Amino acid sequence: MLNPRRALIAAAFILAVFFLLSRSHTSTSSAPSSSERHDAQAEAAAAAAAEAAASQQRAVPPPPPQKPMIDMSGMSTYEKLDYAYSYDIESKFPAYIWQTWKHTPGEGDFEFREQEASWSIEHPGFIHEVITDSVAATLLQLLYGSIPEVLETYHALPLPVLKADFFRYLILYARGGIYSDIDTYAIRSALEWIPQQIPKETVGLVIGIEADPDRADWADWYSRRIQFCQWTIQAKPGHPVLRDIISRITNSTLTLKKAGKLSSFKGNDVVDLTGPAVWTDTIMDYFNDERFFDMEHSKGKIDYRNFTGMETSKRVGDVVVLPITSFSPGVGQMGAKDYDDPMAFVKHDFEGTWKPESERHIGEIQQELGDLQLVEDGQQI
Ligand SMILES: *[C@@H]1O[C@H](CO)[C@@H](O)[C@H](O)[C@H]1NC(C)=O
Ligand SMILES: *[C@@H]1O[C@H](CO)[C@@H](O)[C@H](O)[C@H]1NC(C)=O
């Protein structure tokens, strides 16, 4: 039956395909082979159609298109991002699940079928997209065409792990929803992540704690005393934390590029440039930012002490911080409880062993990972 909803979805799909195909025919840029382009664009079209379907399904208005071009030359990256995607705290969390990997689940050699399925099973009605590298590039071109330095940064990042990190912030900033690494299992639906007593229209970002090491020598193993995890994040579009981290990564990457230092970039700088260290710093700075928080009447600076030893979730402004058990259950340390705990939401599959950060992401990179290897060992103690 062609009910109105399906008709709309079909129309959106056809329009998206038509749009992308016509673009690919008129485009003369040097690009990957035309069949690759075609695949990527067809997949991006499917993603766009899926997006239209998601909006229909949830009875929320479709995501606003990018605003018309204005003269942005005098604007900082932060201001351009703010202009392109505004933040509405009262909007719903979009029903998207974004993941990235080298291939899609449709391909025979997809290695994470069970993990990927757990997300679909726990989230009926959500749009679930596994984005490959080539689709990511096309999608970002559509979402960030008006902010060229962001695209330049994405293409300049020299390692797949860095691109994967950057992509998650970019897709959540533009579209919102959940990002989760491809090797994670959903234990509980994201509809249960935010405690019932906290109204969802007062929350724009949900994060978990990755590490809370209270040993005296923690700095030998972790980059921050409290580390927020970025393998699973839920956000509403336009969230200021994402706006800030995208600006920071853009600035530091292009600064390295100008200095000719990107090519000598080492694996163990990942944590600082795009990974948990800059993620944690950005969030902590947000909590202490007088543009967003009334610092005059607050009870002092917010730092790791406000989050250490947490057993239930905690709200700071519009951010819900989940305890270590939520995204790191079963690690057997730092107070994390087991998979069957009611607060256990996502299981990160380390295949029985802790992997260095860089191997948790898209793209296979074989490289020396001095410091990260130490983190791995440290976490097993
Ligand atoms: C990075 O930010 C600093 C301080 O705002 C600025 O002076 C510099 O030009 C920026 N660098 C790049 C490459 O955008
Ligand atoms: C954070 O912790 C400090 C003490 O370390 C305390 O004074 C302050 O009230 C806490 N803030 C919040 C929002 O919990």
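Student: To start with the ligands, which residues are around ligand 1?

Tutor: Around ligand 1 stand Asn251, Leu254, Thr255 and Lys258, where a residue is near a molecule or strand if its C-beta atom, placed from the backbone, lies within 6 Å of it. Please keep in mind that this is a predicted model, in which local features need pLDDT of at least 70 and side-chain atom pairs count only at pLDDT 80 or more, while totals for chains, interfaces and linings use all residues. Residues are numbered from 1 along each chain as its sequence is written, and chains are lettered from A and ligands numbered from 1 in the order in which they are written.

Student: And how does the shell around ligand 1 divide by class?

Tutor: The shell around ligand 1 has one nonpolar, two polar and one charged residue; here Ala, Val, Leu, Ile, Met, Phe, Trp, Tyr, Cys and Pro count as nonpolar, Asp, Glu, Lys and Arg as charged, and the others, Gly among them, as polar.

Student: What about ligand 2, which residues are around that one?

Tutor: Ligand 2 has Lys299, Gly300, Ile302, Arg305, Asn306 and Val316 around it, and this shell divides into two nonpolar, two polar and two charged residues.

Student: Switching to helices, at what angle do α5 and α6 cross?

Tutor: Helix α5 (residues 133–144) and helix α6 (residues 148–156) have axes that come within 9 Å and cross at roughly 160 degrees. That angle makes α5 roughly antiparallel to α6, on a scale where angles under 35 degrees count as roughly parallel, over 145 as roughly antiparallel, 65 to 115 as roughly perpendicular and the rest as oblique. The axes are lines fitted to C-alpha atoms, for helices over the stretch in contact, and angles run from 0 to 180 degrees between N-to-C directions. Helices (H or I, at least four residues) and strands (E, at least two) are DSSP runs, numbered from the N terminus.

Student: Which residues of α5 and α6 meet?

Tutor: Leu140, Gln141 and Tyr144 of α5 meet Val150, Leu151 and Tyr154 of α6, two residues being in contact if their C-beta atoms, placed from the backbone, lie within 7 Å. The contact of α5 with α6 has five nonpolar, one polar and no charged residues.

Student: Is the crossing of α6 and α8 left-handed or right-handed?

Tutor: The crossing of α6 and α8 is left-handed, which is the case if the near helix is turned anticlockwise from the far one by less than a right angle, and a crossing is right-handed if clockwise. From α6 the contact takes Glu149, Val150, Glu152, Thr153 and Ala156, and from α8 it takes Ile246, Ile249, Thr250, Thr253, Leu254 and Lys257. By class, that contact of α6 with α8 has five nonpolar, three polar and three charged residues.

Student: OK, now the sheet: what is the order of its strands?

Tutor: It is an open sheet of seven strands with mixed pairing, in the order β2-β1-β3-β6-β5-β8-β7. At the edges stand β2 (127–131) and β7 (314–316), each with a single partner strand, so one side of each is left without a neighbour in the sheet. Ignoring direction, neighbouring strands of this sheet are turned by 30 degrees against each other on average.

Student: How many bridges join β5 to β6?

Tutor: Five bridges join β5 (residues 205–211) to β6 (residues 227–235), and these strands run antiparallel; two strands pair if DSSP finds at least two bridges between them. Glycine 208 has cysteine 229 in β6 as its bridge partner. Helix α10 (residues 276–287) packs on the sheet, touching β5, β6 and β7, and its direction makes about 75 degrees with that of β6.

Student: Do β1 and β3 run parallel or antiparallel?

Tutor: Strands β1 (residues 96–100) and β3 (residues 177–180) run parallel and are joined by two bridges, with isoleucine 97 opposite isoleucine 178 in β3. Isoleucine 178 also stands opposite glutamine 234 in β6, and four bridges join β3 to β6, which run antiparallel.
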